[in-house]
Amino acid sequence: MGQVRQPPRVQAYDGELGAAVARAQDGDESAFAVAYRLVQPGLLGYLRGFVGADAEDVASDAWLEITRDLGRFKGDGAGFRGWTATIARHRALDHLRRQRVRPRAGGTEQDVLDLPGPHSTHEQALESLSTERALELVRGLPRDQAEAVLLRVVVGLDGPAAARVLGKRPGAVRTAAHRGLKRLARQLGAHSETDEGVTDETSRTLGESK
C-alpha cells in the first residue's frame, strides 16, 4: 500500500516553527504568535473535519492547554505539530462526548475495498481538501480513515507522527489514509487517468516516502 506524501508546504516551515517554539519557551511572546500562525490553519482544518462548525471553540480550548503546557514540550517543529494535534484531538473527543455525537460514518471498510478503481488521482483529491465541501466529505468517511487523512494531509504529519497521535501502528494509519483518499477522489469527482493508466508522477506521489 502506498504511503501518503507529506505536503511540501508543511516541510518548508518546520525549521521556522521549531525555532519559534524554542524562543516562545524562553518567554518570547512574539515567537509564540509566529508558532500559532504556522500551526493554526492546519489544526483548524483538522478540527473542522472532526467536529464541523464547533472547530473554532475546540481550537480555542486546545490552545489554552498548549499555552499552559508549552514548557513541557520537547522536540522540533514537526514534533510540535504532532504534539498540538494530539491535544486538539483530545479536546475534540471531549467535545463529542459532551455533545453525545460522533462523526458520521460514510460506509463500512468493506464498501471501500469493494469499490472499482477511481477515475481520479489522489493528488487531485488532496488539492481539493482546503474546501468546506471536501472537509464535509472527510467527516463522512469512517473515523479511522477521516482522522488519518486529516492528520496526514491537512495537519501535514508524517506516518509515524500521525500514528503516535492516534495510538496506532504506522502501517494501519497509512492504509486508512490511502483508503480514505481513494474514496474522496471518487466523491470529489476529479477526472484523470484510471488506475490502469496511472502516470509515473502519480506513482511517485503514492509511493513510499522516507
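Visitor: How many aromatic pairs does a search of the whole structure find?
Guide: Rings of Phe, Tyr and Trp (its six-membered ring) pair if their centres lie within 6.5 Å. This is a predicted model, where local features need pLDDT of at least 70, side-chain atom pairs count only at pLDDT 80 or more, and totals for chains, interfaces and linings use all residues. Residues are numbered from 1 along each chain as its sequence is written, and side-chain values use heavy atoms, leaving out hydrogens and water. Searching the whole structure gives a count of six.

Visitor: Which kind of pair do Y46 and F50 form?
Guide: Planes under 30 degrees apart count as stacked, over 60 as edge-to-face and the rest as tilted. For Y46 and F50, the centres are 5.7 Å apart and the planes are at 70 degrees. That makes the pair edge-to-face.

Visitor: And which kind is the pair of F73 and W83?
Guide: The ring centres of F73 and W83 are 5.3 Å apart. Their planes are at 40 degrees, so this pair is tilted.

Visitor: Is W83 buried, exposed or partly exposed?
Guide: Buried means under 20% relative accessible area, exposed over 50%, and partly exposed in between (1.4 Å probe, protein chains only). W83 has a relative accessible area of 21%, so W83 is partly exposed.

Visitor: Leaving aside neighbours within four places in sequence, which residues is T84 in contact with?
Guide: T84 is buried, with a relative accessible area of 0%. Contact means heavy atoms within 4.5 Å. Beyond those sequence neighbours, the contacts of T84 are V39, L43 and I66.
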